[in-house]
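Good morning. Please look at the structure first.

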Amino acid sequence: MLPFKRVNFLRRGFGVLELYKRGERKMSGGEMEAKLKAVINGGGGVEDVYGEDRASEDQPITPWTVSVASGYTLLRDPRHNKGLAFTDKERDAHYLTGLLPPALFSQDLQEKRLMNILREYKVPLQRYIAMMDLQERNEKLFYKLLIDNVEELLPVVYTPTVGEACQKYGSIFRRPQGLYISLKEKGKILEVLKNWPEKSIQVIVVTDGERILGLGDLGCQGMGIPVGKLSLYTALGGVRPSACLPITIDVGTNNKKLLEDEFYIGLKQNRATGQEYYELLEEFMSAVKQNYGEKVLIQFEDFANHNAFELLAKYRTTHLVFNDDIQGTASVVLSGLVSALKLIGGTLADHTFLFLGAGEAGTGIAELIALEISKKTNAPLEETRKKIWLVDSKGLIVSSRKESLQHFKKPWAHDHEPIKELLAAVKAIKPTVLIGTSGVGQTFTKEVVEAMASMNEKPLILALSNPTSQSECTAEEAYTWSEGRAIFASGSPFDPVEYNGKVFVPGQANNAYIFPGFGLGLIMSGTIRVHDDMLLAASEALAAQVTEENYAKGLIYPPFTNIRKISAHIAAKVAAKSYELGLASRLPRPEDLVKYAESCMYTPIYGKYR
């Protein structure tokens, strides 16, 4: 078998020969040099050996695997398979004649047919399974479906359906996706990484499955989260599928039900903790850097609080790391707050914030809000934190509890008498903004919402816990109990609500607004470390995309239909901040970062085969 680098060289070499065969030797020297660079490097600035980026979508490609794929093998290769869209000429050239029915379908017709099939399924999990099967069969058609029908299919491939998929992952497991690294691989993780067929990895999403959404410890079955997140990196942010790697680190599970399940696909043992756990993570992080280099983005996903904060603090100075639960959630919520100011008035510094939930998401959001207020007012961070109050399972976080608090909660312990219940905290603190990150459903009761409405003309209520069953309240409850005055957004989607003859469209504070564009910005600029100012830049870029038409409907986030445009603008702002901070390594800096981001984006349109 040919070494991977030699295969890449041959791919590019055949591209150069093809230029010569097509008669482009008649071009001027400068034009030929530019054309050769486009073929060799791809159009987007980062090496594009599969012709996946928008800038290279018109170039004819050779369907390489480790040899030229043809016949039955080509139909079984999801990256190159086009199904009935293969032309007669391509069928003859690649030994497909007779292996397909004679009809020729355009990609648009294939999309229409599949959407009709998906809409016939009444159970969301059936749609999820059908989409995962399509991804394994025809990659470009999968992403075209997802991009063109993002508002309809996002809840299928991501929250809330992905939560049920993870719970039942052992039963619906068909073909492995991503890498599974367990305690059994300790001491040889680098070898395991080298088993992955793609070598030019740009984004890794990794989980240990201990805190999947609001569903708790799902162990190895948490793989549905990295797979779903990376699908969105490609569909919404334009990061190439070939550059994405989902990983689950299996250190066991404390979920008794899974340990007793004969179909459970992970290690059947209780979770490793302490030194054994951190030694495995250290080996993993070192192996990733050794195998993929300094600029691979590692996104931590759904780690439990006690590990999430420690891992982020430990590796943020040595690796390009990002925790979506802490930093991504914070960025998207801050964006919603900034845009909501146009509806509720004032500046962030004029408002008082009360959180239900003081874990990764709650404290991460709180810290980014305090940082933004500090930057806008030049007030010390310790001072701006006093505008923000948190309630955990034991009640309001106050100074008298400081000794018993976990380290990440201590900055939020302010002087106040102890309060046990959320309703009492609302009445005492008198917040203008109520944010739920508790992971416990139905905690924003009628009394709580009515109390918020009695104190505020337009109470801002964010019920962010996922999936839908864990949301602190529904959109209908928020609008009804506030008599139609609440500005509402949630973590999972809710249908529009009619109240007193007016239709309210609830916003969705979905991390998918931020992390795909954020990741693209890091990749295209060659950023080596994540800085908090990049998160602020992403928040401001997203808030700037909300239109007056959106505000008229009570929305504080733009519709997902424009998500690729939004992601390009977020990527540009993140990259610009990286260049400003001296953390970008891809030089020279492109003049128009938005256009550059768009040129780097993966395109799901079928290529023409030689």
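Let me start with D325. In this predicted model, D325 is buried, at a relative accessible area of 8%. Its side chain is charged, and side chains of opposite charge can pair when their charged atoms come close.

So which residue does D325 form a salt bridge with? The partner is R211, and the closest N and O atoms are 3.2 Å apart. R211 counts as partly exposed, with 25% relative accessibility, whereas D325 is buried.

R211 also has a salt bridge with E360, again 3.2 Å from N to O. Is E360 buried or exposed? E360 counts as buried, because its relative accessibility is 2% and the cut-off for buried is under 20%.

Now move to another pair. The side chains of K229 and D324 meet in a salt bridge, with 2.3 Å between N and O. K229 is in helix α12 and D324 in helix α16, so the pair ties together parts that are 95 residues apart in sequence. What is the relative accessibility of K229? For K229 it is 0%, which counts as buried. D324 also has a value of 0% and counts as buried.

Some salt bridges share partners, and in this way D108, E111, K144 and D148 are joined into one network. How many salt bridges does a search of the whole structure find? The search finds 31, and the pairs of R211 with D325, R211 with E360 and K229 with D324 are among them.

Last, the cysteines. How many disulfides does the structure hold? The number is zero. Take C166, for example: the nearest cysteine sulfur belongs to C220 and is 11 Å away. A disulfide needs two cysteine sulfur atoms within 2.5 Å, so a cut-off of that kind excludes this pair. C166 is buried, with a relative accessible area of 0%. C473 is buried too, and its relative accessible area is 0%.

That is the end of my part. Thank you.

Terms used:
Residues are numbered from 1 along each chain as its sequence is written. This is a predicted model: local features need pLDDT of at least 70, side-chain atom pairs count only at pLDDT 80 or more; totals for chains, interfaces and linings use all residues. Side-chain values use heavy atoms; hydrogens and water are left out. A salt bridge is a side-chain nitrogen of Lys or Arg within 4 Å of a carboxyl oxygen of Asp or Glu. Buried means under 20% relative accessible area, exposed over 50%, partly exposed in between (1.4 Å probe, protein chains only). Helices (H or I, at least four residues) and strands (E, at least two) are DSSP runs, numbered from the N terminus.
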